[in-house]
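Student: Hi, I'm new to this one. Can you walk me through it?

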Amino acid sequence: MSAEIREREALFSSKNIKLLKNPLNLSNPITVQVLGICSALAVTAKLEPAIVMAISVTLVTAVANVVISVLRNGIPPRIRIIVQLVVVATLVIVVDQILKAFVYDVSKQLSVFVGLIITNCIIMGRLEAFAMANKPWPSFLDGIGNGLGYGLILIVIAFFRELLGSGSIYGFNLIPEQFYELGYKNNGLMILPPMALIVVGVIIWVQRYYTRDLIEKN
Amino acid sequence: MKALRKLLDKQKPHFEKGGRFEKFHSAFDSVETLLFVPDKVTYSGSHIRDAIDMKRTMIVVFISLVPALLFGMWNIGNQHFLSLGQVPELWTAFFYGFLKMLPIIIVSYVVGLGIEIIFAQIKGHEVNEGFFVSGLLIPMIVPPETPLWQVAIAVAFAVVFGKEVFGGTGMNIVNPALTARAFLFFAYPADMSGDKVWIADKLDAYSGATPLGNALVGNFDQIPSTYDMFMGFIPGSNGETSVLMILIGAAILLATGIGNWRIMLSVVVGGIVMALLFNWWGANKYMELPFYNHLIMGGFAFGAVFMATDPVTATQTKKGMYIYGFLIGAIAILIRVFNPAYPEGVMLSILLMNVFAPLIDHYVIESNIKKRLKRIKVLVSN
């Protein structure tokens with residue numbers, strides 16, 4: 001009896017909280033593990049698609065993590081990648097259909113990148129590294145955490161790219177008309193994907209400045 | 001001279017560690033080394049310090065830029081008055097251009113040096129003189145009417161992301177001046193291309209297209225005469241129009257041994273070979289443009305002499321220099337003729353080859369090692 005109680009962990013024990021919090025900073029999928037860069041460059045020209053993308057990836061990662069974690073003891077190791085792919089692909093199709101049904105415009109902007117969530121390294125990485133070896137509840141938290149870590153960076157990038165590239169935030173013009181009359185112009189480079197990579201670089205720079213643990217020791 | 005030295009020596013303790021103005025050490029140091037050749041000597045091993053340090057090198061490059069700079073100032077004024085239908089006096093034109101260019105130069109230096117000093121202070125090393133030349137190159141490769149705030153942003157971008165993130169002067173992968181121009185070109189295309197920006201305050205009716213702009217849209221009869229393009233009496237970026245003045249600069253660089261003749265030569269050869277190849281192909285009118293016109297149009301000469309030879313971003317091996325230069329010339333002409341989005345390809349081709357320079361060096365060295373190993377094996381087996 002007493003052993004059973006000791007084994008049962010609190011839902012939000014410090015270990016589980018870490019699963020949620022670490023991907024936001026110390027093991028961020030984009031800035032530390034450098035995964036999912038492709039979609040981070042492609043969908044961040046505006047804030048709206050970036051937010052939708054962040055939510056979609058978070059949901060897919062979380063649910064796929066739970067499903068794989070439930071199945072983990074029944075999956076033959078030799079075909080585990082195929083099983084993982086089937087689960088992720090199913091979820092992505094569901095997300096794609098939902099987006100098409102409710103936010104058609106955004107779905108059009110995201111175009112192929114919703115489908116390409118399947119190939120997002122973050123999801124496969126979490127399934128392989130975490131869900132295959134852990135129980136459903138921690139796997140769920142891990143999926144949410146990594147999705148949020150990915151989404152956080154996406155939203156920061158999109159914020160700066162939309163502000164400097166289009167002069168607006170979430171579609172609302174922020175730069176006053178007088179600025180344009182004085183000669184201010186939106187920065188065309190911000191709309192192009194290469195600048196997203198430089199913004200990612202700046203985020204990594206700032207992050208390492210504040211989190212010294214991340215700097216490699218020579 | 002002695003009084004100046006005394007003044008510096010008197011102030012020096014304040015700027016050393018523990019002094020009152022310790023924070024401004026790097027600023028003081030940069031002034032001191034600019035005025036006097038540092039008298040530091042080596043005290044271990046058999047190293048000899050050449051009196052020609054980086055500051056002296058940079059000053060020679062600076063001097064070699066002056067002819068093109070002065071001509072560029074005159075040409076800005078000349079083009080402006082010609083577009084109004086007047087023929088200006090020499091000095092009227094010069095002062096008009098001088099007043100157009102001076103603000104750009106000042107902004108470029110203030111922003112660039114400001115950032116350099118801040119970074120030097122944070123990292124605790126001396127202010128490097130790398131920006132001394134870049135700061136003048138940037139005003140020379142932009143159109144005369146470039147808004148000053150855009151110059152400031154581009155310079156800041158180039159110094160921070162082109163240079164400081166890699167570790168400052170001598171560590172950069174791409175040429176900072178070209179980084180600034182590429183930034184402007186992609187960020188504010190309306191102010192950096194087309195046929196409206198190359199002549200300051202021109203009348204709307206007057207065509208301000210550069211020779212390259214004309215060639216791109218197929219107005220081959222409007223391309224100025226070869227003589228005009230060689231002398232530089234054409235609209236264009238501030239300092240790039242006159243091939244003659246650039247050649248004078250090249251002569252100074254080569255005579256002092258600071259510029260690299262291998263790179264200059266192979267850029268020109270690469271351009272000629274590519275242009276001749278197109279002449280032979282001759283599928284459209286642009287391809288039939290005589291090869292010597294390619295060399296004197298746009299920024300080809302300026303890029304070959306002042307940009308491609310940048311010792312930090314170019315290849316270091318001799319064989320590598322030929323490959324590097326040849327590809328710069330060839331790709332520049334390729335972009336001009338084939339890509340309708342970019343009338344001028346020199347900037348992009350130099351930036352591209354900057355990135356490839358370490359790779360070229362790597363393979364040149366590898367092949368050399370292999371050759372030598374083979375020689376040893378032959379000796380051993382004999």
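Student: How many salt bridges does the structure hold over all chains?

Tutor: Seven, over all chains. Keep in mind that this is a predicted model.

Student: Why would side chains pair up like that?

Tutor: Side chains of opposite charge can pair when their charged atoms come close.

Student: Okay. Which residue forms a salt bridge with A:Arg126?

Tutor: A:Asp142. The closest N and O atoms of that pair are 2.9 Å apart.

Student: How much area do the two chains bury between them?

Tutor: About 930 Å². Carbon and sulfur atoms account for 76% of it.

Student: Which three residues supply more than any others on the chain B side?

Tutor: B:Trp149, B:Phe161 and B:Phe186. They supply 38% of the area that chain B buries against chain A.

Student: New topic. What is chain A built from?

Tutor: Twelve helices and two strands. From the N terminus on, the order is α-α-α-α-α-α-α-α-α-β-β-α-α-α. The C-alpha trace of chain A spans about 75 × 45 × 35 Å along its principal axes.

Student: Back to H8 of chain A. At what angle do H5 and H8 pack?

Tutor: About 130°, with their axes 11 Å apart. H5(A) covers residues 80–102 and H8(A) covers residues 121–129. The two helices are therefore oblique to each other.

Student: Is the crossing left-handed or right-handed?

Tutor: H5(A) passes H8(A) in a right-handed crossing.

Student: Which residues meet there?

Tutor: From H5(A), A:Arg80, A:Ile81, A:Gln84, A:Leu85 and A:Val88. From H8(A), A:Ile123, A:Met124, A:Leu127 and A:Glu128. Six of the contact residues are nonpolar, one is polar and two are charged.

Student: Now chain B. How do H4 and H6 cross?

Tutor: At roughly 35°, and their axes come within 9 Å. H4(B) runs over residues 90–123, and H6(B) over residues 148–163. The crossing is right-handed.

Student: What residues make that contact?

Tutor: On H4(B) they include B:Ile104, B:Val107, B:Val111 and B:Phe119. On H6(B) they include B:Leu148, B:Val151, B:Val155 and B:Lys163. The residues of the whole contact divide into 13 nonpolar, two polar and two charged.

Student: What about H6 and H7 in chain B, at what angle do they cross?

Tutor: Roughly 130°. Their axes come within 8 Å, and H7(B) is residues 176–187. That makes H6(B) oblique to H7(B). The crossing of H6(B) and H7(B) is right-handed.

Student: Which residues of H7 are in the contact?

Tutor: B:Pro176, B:Thr179, B:Ala180, B:Phe183 and B:Leu184. Among their partners in H6(B) are B:Ile153, B:Phe157 and B:Lys163. The contact of H6(B) with H7(B) has eight nonpolar residues, three polar and one charged.

Student: Last topic, the backbone. What is the phi of A:Val34?

Tutor: Positive, about 50°, although A:Val34 is not a glycine. A:Val34 is in the loop between helix H2 (14–21) and helix H3 (37–42) of chain A.

Student: Why point that out?

Tutor: Because most residues other than glycine have a negative phi.

Student: And where does A:Tyr170 lie?

Tutor: In the loop between strand S1 (168–169) and strand S2 (172–173) of chain A. A:Tyr170 also has a positive phi of about 50° and is not a glycine.

Definitions and conventions
Residues numbered from 1 in each chain as written. Chains lettered and ligands numbered in written order. Predicted model: local features only at pLDDT ≥ 70, side-chain atom pairs only at ≥ 80, totals over all residues. Heavy atoms only, no water. Axes fitted to C-alpha atoms, helices over the stretch in contact; angles between N-to-C directions. Helix = DSSP H or I, 4+ residues; strand = E, 2+ residues; numbered from the N terminus. Parallel < 35°, antiparallel > 145°, perpendicular 65-115°, else oblique. Left-handed = near helix turned anticlockwise from the far one by under 90°. Contact = heavy atoms within 4.5 Å. Nonpolar A, V, L, I, M, F, W, Y, C, P; charged D, E, K, R; others polar. Buried area = accessible area lost by both parts, 1.4 Å probe. Salt bridge = Lys/Arg side-chain N within 4 Å of Asp/Glu carboxyl O.
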